[in-house]
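Dear colleague,

Please find the structure below, handed over for your study. The notes that follow it set out what was found.

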Amino acid sequence: MLTVVIIFLFFAILLYFLLGGADFGAGIIELFTSDTNKHRTRATMYQAIGPIWEANHMWLIIAVVILFVGFPDIYSGMCTYLHIPLLAMLMGVIARGTAFAFRNYDAIKGERTQALYNSIFVYSSFLTPLFLGITAGSALSRQIDFDAKDFLTAYVYSWFNWFSITVGLFTVALCGFLAAIYLIGEATDEYDVKRFVKKAKVLNAVAFFCGGLVFLAAETNNIRLAHWIFGNPVSLTAVIAASISLVLLWISIAKGGKQLPRVFAAFQVSMILLSVGYTHYPNFIMGKNGKNLSVLTNHATAGTINTLGTALLIGSLFILPALFYLFYSFREKQGVEDFH
Amino acid sequence: MNDFLAARSQMALSLGFHIIYSCIGMVMPVFMAISHYKYLKTQNPVYKNVTQAWSKGVAIFFATGAVSGTMLSFELGLLWPKFMIHAGPIFGMPFSLEGVAFFIEAIALGFFLYGWNRLNKWFHWATGVMVGVSGILSGILVVSANSWMNSPSGFDFVNGQYLNISPIKAMFNGAWFSEALHMTIAAFSATGFAVAGIHALMIYRKQNVEFHSKAFRIAITFGAIAAILQPLSGDLSAKHAAKRQPAKLAAMESYFHTQQYAPLVIGGIPDTVAKKVNYGLELPGMLSFLVNDNFKQEVKGLDQIPTKDQPNVPVTHYAFQIMVGFGMLMMAAGIIYLIAVWKKRGWMSKGWFLKLFIYSTPLGFIALEAGWTVTEVGRQPWIIQDVMRTADAVTPMPGIQYSFYLFSFIYFTLSLAVIFLLQRQIKMVPEIYDIKK
Ligand code: HDD
Ligand code: HEM
Ligand code: HEM
C-alpha cells in the first residue's frame, strides 16, 4: 500500500504542476501581454480554464492531505522550516483564486474594478508558482538546518538562497511555457495562434535561461546538481527524453499542430519532474548534515497507510471518470459565453 | 501579543471566516437544485432566473470557500506542527475522504455553472444536486475530524506514544454523530435565514416581487424546518458534552458548584473569583434534567476540575447564551412562517412579517460562530481532549503575530469585497432578470 500512496503523491504533484501550473502560466502570459492584446488573451484563457478551474487546484489539496495523513513528519517539517515561503504562496493562492472569481462574476463590469481584479490576478499568478518553486527547491537542496538555533538560519536561510530562488524563477518560466503551448490549441484565429507561438518561443528561451541560472546557483551554494541529474541512468534518460520532446514539440508547432504540442509539452515537464523525483527518491526533504526525511522511513503506521491507500483508490474510481468527462464535455469552445 | 495567542487567534479567524463560506457552499446548491427543478417542471422562467442569480453568488462564495479551505489545510501544519505530526495519521481519514468529496464537488460545479444549454437538462440538474450532496458530505467529514479532537478515539495513548492507530474508529468517534447532525442543521438554518432575509428586504422594497418571493419561499422553508429541529439536536450535543467534556459543559453553564438538582442558568455575568453568576435567571433542577433526564441527579461542576484544566468560563458562557438565545428566536420565527403557510396566507405580504425576517438575517450566522466558540474555547486548554495541550502543539517559529495581522487584513478585505460584490449582484437583478410582459 505504501507504494500506492507514494504513486498517488507523485501524480498529485505532477498533475498540479501540469494543470494548475498552466493556470498560473495563463496569468503570467497576461502579465507580459501588451495592453492592446490583453483582452484577447484573457478571453481565450477564460474559455480554456473556466469550467475546469476549480478542479485543477484540487490536486494541491490532495497532495497536502496525502502528506499530512501519510507522512506527518515531512508535512510538519516543511510547515515549520519553510513556513515563510509557504505562507507567501498561500497569499498568492488566495489573491489569485478570489480575483479570478470576482472578475468573472462581478455583476457590473466596471472598468476600474475589472482593472483591479486583473492586476491582482496577474501579479499573484507570478508570485504563487515562484514561491511554490522556492519551497520545492529548498526541500531538496540541503539548505534546511534541523539543528538551527537562531531565527535566520532556521526559518530564512532555509529558503532564501540563490538555488531556491532560481528554482522558483525556473518554475514560473515553465508554467508560462506550458500555458502558451496549451493556449495555441485554444486560439480561434490565426492572429492569436501567431501571438501564442511567439510567446511560447520567448518563454522557452526564458526557461532555458532560468535553467542555466539554476545550475549557476547550484555551484555557488555547493549543490551537486549536475551529479544528481546526470549521475543516474533513469534521470539522465528522462532529461534526454525531455530534450527530444522539446524538439518534436517545435516541429509539430511548425506544422500547425494543436493537440500534439500539448502532449509534448506535458511530457517534457513530466520528464523534468520525474528526473528530479527519481534522483532524490525516497527523500522528500534533504536537510543539512545528511538529515533527510524520506517517504520510505518517515511514514505513518501501516494501519493508516492502508486506509489512506484504499480511500485514494476508491476515490479515484469516482474522480477520474468524472474528470475525464468534464474535460471531454468542454473540449469544444463555443457556448461558454452563454452564461455571461 | 505572544506567539501562542497569535496562533490561536489566527486559527480562530481563519476557521470563523471559512465556516461562513463553506456553509453557504453546502446549502445554496440545494436551494438551487430545488429552484432548478421547479423551472424544469413548470417552465416558469422566474425559477430559471432565481437559479442563475443564485449560482453566480455561489460561484463567488465557492471560490472564497475554496481558497480559505486551502489555507486551512496548510495552517494546520504552519501553526500546529506538533499536533499534526501525531494527529494527522489518526484523524486523517475524514480529510482524505473529504478531499475526494471536494474533488467531486469541484467537477460537478464546473458542469453545473457552464452547462446551461449544453448538457442534457436532467443531467445538468443532477450535477447541481451533486454539488450539494458532496458539499454536505465534506462538511460532515471535516466535522468528524473536529469531533475527534473533542472525543479522541481510535488509538491507545501509552507513555506519550500513539499506538494501535485505527483511522476508521477515529472517524466514527463518540461525538461525530451529534456534532455532524447539529452542524448540518445549523448550516441549513443559518443560510436559510440569511438568504430569506435578503429576499424579504427586496420584497419589502417592492422590487421584483415575484422573483424575490419565489426565492424567499425556497430559502425560508429550509431555514424554518432546520431552526425548529436545531434545539432538539442541541440538546443531544449538550448531553454528549456532559458525558465526555464535563469541563466544557460546566463552563457553558457557568456552573461552579457540583450539586444535586443542578440549576440551569440563563444569561447573567459569571464572576470567576466569587464563583457565582450575577443577574442570571436560575431554573432549579433543569440542568440535571437536561443532562440526565431527571431533576435530581448530580452534575459535575467546575469545582471538581483542576484550574489548569478549565476553559475560559465567561467566553464559553456568553457564546453559549448567544447561540441558544438566537436559536430560540429563530425557532419562533420558523414557527410563525409555518403558521403563515398553513393557516394565514395573508401574513406573507404584511410589513411586520417581512420585517421579522429582515431582522433575522444575521441571527443564524452569529449563532453558528458562537456555537463554534463554545466547542473550541470550551475544549481548551486541550487541543486533543485529555491527550495533548494546545500550548504544546504550537509552532516553534517566532513572530506569528505578524502573520496574524496579515491574515486579519486579508480576511477583512475579502469580506468587504464579497459584500460589495453581492450588493452589486442584487442591484443588477432588475436589469438582468426582470421579465417585462
Ligand atoms: C445556527 C446555528 C446554531 C443554533 C441556532 C444552535 N446551535 Fe448549537 N452549535 C452550532 C450552531 C447552532 C454550531 C456552530 O454548529 C456548533 C459548533 C460545533 C457543532 O457541532 O455545532 C454548535 C455547538 C453546540 C454545542 C457544543 C457541542 C460540543 O462542543 O460538544 C451545544 C451543547 C449546542 N450547540 C447546543 C445548542 C442548543 C441547546 C441550541 C438551542 C437552540 C443550539 N445549540 C442552537
Ligand atoms: C469552522 C468551524 C470552526 C470554528 C469557527 C472554529 C473556531 C476555533 C476557535 C475559536 C479556536 C481558538 C480556540 C482557543 O484557542 O481558545 C479554534 C482552535 C482550533 N481549531 Fe477550531 N473551529 C472550527 C472547526 C474546526 C475544525 C473542523 C478543526 C479541525 C479539524 C479545528 C481545529 C482547530 C485547531 C487545530 C485549533 C487550534 C488549537 C486550539 O486552540 O485548540 N477547528 N478553532
Ligand atoms: C466545521 C468546519 C468546516 C466545514 C463545515 C467545512 C466545510 C466545507 C465545505 C462544504 C467546503 C466546500 C466549499 C464550498 O462549497 O464553498 C469546504 C471547502 C474547503 N475546506 Fe472546509 N470545512 C470546515 C473546516 C475546514 C478545515 C479545518 C479544513 C482544513 C483542514 C478545511 C479544508 C477545506 C478545503 C481545502 C476546501 C476547498 C475545497 C474546495 O474547493 O471545494 N475545511 N469546506
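**Helix 8 of chain B**

The buried residues of helix 8 of chain B are Ala247(B), Lys248(B), Leu249(B), Ala250(B), Ala251(B), Met252(B) and Glu253(B). Buried here means under 20% relative accessible area, with exposed being over 50% and partly exposed in between (1.4 Å probe, protein chains only). Helices (H or I, at least four residues) and strands (E, at least two) are DSSP runs, numbered from the N terminus.

This is a predicted model, in which local features need pLDDT of at least 70 and side-chain atom pairs count only at pLDDT 80 or more, while totals for chains, interfaces and linings use all residues. Residues are numbered from 1 along each chain as its sequence is written, chains are lettered from A and ligands numbered from 1 in the order in which they are written, and side-chain values use heavy atoms, with hydrogens and water left out.

Helix 8 of chain B spans residues 246-253, and because 7 of its 8 residues are buried, it is largely enclosed by the rest of the structure. Its buried residues pack against helix 4 (121-150), helix 7 (209-244), strand 3 (264-266), helix 9 (286-292), helix 10 (313-342) and helix 12 (363-379) of chain B. Just after helix 8, Ser254(B) takes a positive phi of about 50°.

**The iron atom of ligand 3**

His18(B), found in helix 1 (residues 3-42) of chain B, is the only protein donor of the iron atom of ligand 3, through NE2 at 2.1 Å. Donors are N, O and S atoms within 2.8 Å of the metal (3.2 Å for Na, K and Ca); water is not among the atoms, so sites may look incomplete.

**Between chain A and chain B**

In this interface, 65 residues of chain A are in contact with 65 residues of chain B, contact meaning heavy atoms within 4.5 Å. Helix 3 (53-70), helix 4 (72-81), helix 5 (83-105), helix 6 (111-139), helix 7 (151-156) and helix 13 (302-329) of chain A each supply at least two residues of the side that touches chain B. Helix 5 of chain A gives the most to that side, with 14 residues.

**Thr135(A)**

Thr135(A) is found in helix 6 of chain A and counts as buried because its relative accessibility is 4%. Leaving aside its neighbours within four places in sequence, Thr135(A) is in contact with Met78(A), Leu82(A), Pro85(A) and Leu86(A).

Yours sincerely
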